[in-house]
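I would like to walk through one protein model, from the overall fold down to a few individual residues, and I will give the cut-offs as I go.

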Amino acid sequence: MSDPLHIVLDDTAMTAAGQGNVLASRLIHRAHAESGWYLYAPTCALVEADRARPGTAEHLAALPGITVLDLDLPAALAIAGQGTWAAAHSQYAAQPTADRPDGAVVATTAPKRWHGEPVRILDLNA
């Protein structure tokens, strides 16, 4: 059995999924169909994606393979001082936890946004 794969969708990946991005669609399918694939949608990124493309939040939240991550107190305290809450919540969600000891990969269509940040990324433009 292979190690589980944890992927956090940032707001750009969520918007891309709503626009038919093939790689984003494949991630969503795998998270639903294959064990060991976990896909997360941080709430702040979900809100920003919905602002960019209305209807995105409702659509993604209804998909069975995606776990929506709430903005709980520890997350709010960690991201409050950041420039954009969408990117900050995605970065926070990708950090190691008890459930994800190796952290998660951030899926994005804006890889330059993450340059110099302490996260692993998956470029959905490739």
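This is a predicted model: local features need pLDDT of at least 70, side-chain atom pairs count only at pLDDT 80 or more; totals for chains, interfaces and linings use all residues.

Residues are numbered from 1 along each chain as its sequence is written, and side-chain values use heavy atoms, with hydrogens and water left out.

The protein has six helices and five strands, where helices (H or I, at least four residues) and strands (E, at least two) are DSSP runs numbered from the N terminus. Read from the N terminus, the order of elements is β-α-α-β-α-α-β-α-α-β-β. The radius of gyration, taken over C-alpha atoms, is 13 Å, close to the 14 Å that the globule rule gives for 126 residues, so the protein is as compact as a globular protein of that length; the rule itself is 2.2 Å times the number of residues to the power 0.38. Of the 126 residues, 41% count as buried, where buried means under 20% relative accessible area, exposed over 50%, and partly exposed in between, with a 1.4 Å probe and protein chains only. Among contacts (heavy atoms within 4.5 Å) with a separation of 6 or more, 64% are between residues 24 or more positions apart.

Turning to helix α2, residues 22-33, we find twelve residues reaching 16 Å from the first C-alpha to the last, close to the expected 16 Å, the expectation being 1.5 Å times one less than the number of residues. Its buried residues are Ala24, Leu27, Ile28 and Ala31. Seen down the axis of α2, these fall within an arc of 95 degrees, so they line one face of the helix; the arc is that of the directions from the helix axis to the C-beta atoms. The face turned away from this buried side carries the exposed residues Val22, Arg26 and His29.

Tyr40 lies in strand β2 and, at 8% relative accessibility, counts as buried. Its side chain is joined to that of His6 by a polar contact of 2.8 Å, meaning a pair of N or O atoms within 3.5 Å; within protein, one must be able to donate a hydrogen and the other to accept it, and residues adjacent in sequence count only if both atoms are side-chain atoms.

Val68, in strand β3 (residues 66-69), counts as partly exposed at 31% relative accessibility. The C-alpha atoms of Val68 and Leu39 are separated by 8.7 Å, although the two are 29 residues apart along the chain.

Finally, Gln91 sits in helix α6 (residues 85-93), and a polar contact of 3.5 Å joins its side chain to that of Glu117.
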